[in-house]
Amino acid sequence: MKTSLLGLIFLGLTNLTFSQNQMAFNNTNTSDYLVVKKANTNAIISNQVSKRITTFQDVVSKYDITSNSIYTPNIPATYTVVFEEANNVITNHYGHDGEVISSYQKFEDIRLPNNLSADILKTYPGWSIIAVHCSIKYEKDKPTVVSYKVKINKGTKSKTIKITEHKDLD
C-alpha cells in the first residue's frame, strides 16, 4: 500500500514539473517589428509579435529558392515551399526570380501582443487567455492580414475571439 501511494505521489509530482516547463516555454518575449526586409523576401510582422514568430520568419527569409536543385532558370515557373517548425507552418510561393509573391503563415500557442491581451482582459474582466493562434497572409503589393484567434475562459464558460489587423507595407 505504501509503495502504491508513493508511486502515485511521484507520478503526480512528475506531471506538475512537466506542466511548469511547458508554461515557461510558451512565455516568450515580444519584439516591436513592423516589417523586416530581407534580400529575397519581406517578412511581414505585426507590432509586438511573439519572438517565436520573428525567429521562425527570420530563418525562412534566409532561404534562397534559386540555389535549390529544382529551380529552373531558363523555364518560367513558380515554386511553393512549406517550412515547418513544431506546430508552426510557413508556406511561401516564389516567383521565377526567387522573390516571395505570397505567403501564408500559421502559428499555434503563441503569446498575444501585450496591447491586444490588455484590451481583451479589460473587455472580459475575470477571464483567462488559454490559447492564441496567429495567421499571417501576405501577397505582393497588397496589405498584409494578421489574424489572431484567442480562446478565453472563465470557470466553465469559454469564448473564441477573432482579431484581424491589416498592415500596409509602406
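Two strands are said to pair if DSSP finds at least two bridges between them, where strands (E, at least two residues) and helices (H or I, at least four) are DSSP runs numbered from the N terminus. The model is a predicted one, in which local features need pLDDT of at least 70 and side-chain atom pairs count only at pLDDT 80 or more, while totals for chains, interfaces and linings use all residues. Residues are numbered from 1 along each chain as its sequence is written, and side-chain values use heavy atoms, with hydrogens and water left out.

The protein has three helices and eight strands, which follow one another from the N terminus as α-β-β-α-β-β-β-α-β-β-β. Six of the strands form an open sheet with antiparallel pairing, in the order β3-β4-β5-β6-β7-β8. Because β3 (79-85) and β8 (157-167) each have a single partner strand, they stand at the edges, and one side of each is left without a neighbour in the sheet. From one strand to the next the twist averages 10°, where axes are lines fitted to C-alpha atoms (for helices over the stretch in contact) and angles run from 0 to 180 degrees between N-to-C directions.

Helix α2 (residues 51-61) touches β3, β4 (88-94), β5 (100-108) and β6 (128-139), and its direction makes about 35° with that of β4. Helix α3 (residues 114-123) touches β6, β7 and β8, with its direction at about 140° to that of β8.

Leaving aside neighbours within four places in sequence, S102 is in contact with T91, N92, H93, Y138 and E139. Across the protein, buried residues make up 32% of the 170 residues.

The lining of the second largest pocket draws at least two residues from each of β5, β6, β7 and β8, and β5 gives the most, with four.

How values were computed: Contact = heavy atoms within 4.5 Å. Buried < 20%, exposed > 50% of the residue type's maximum accessible area, 1.4 Å probe, protein only.
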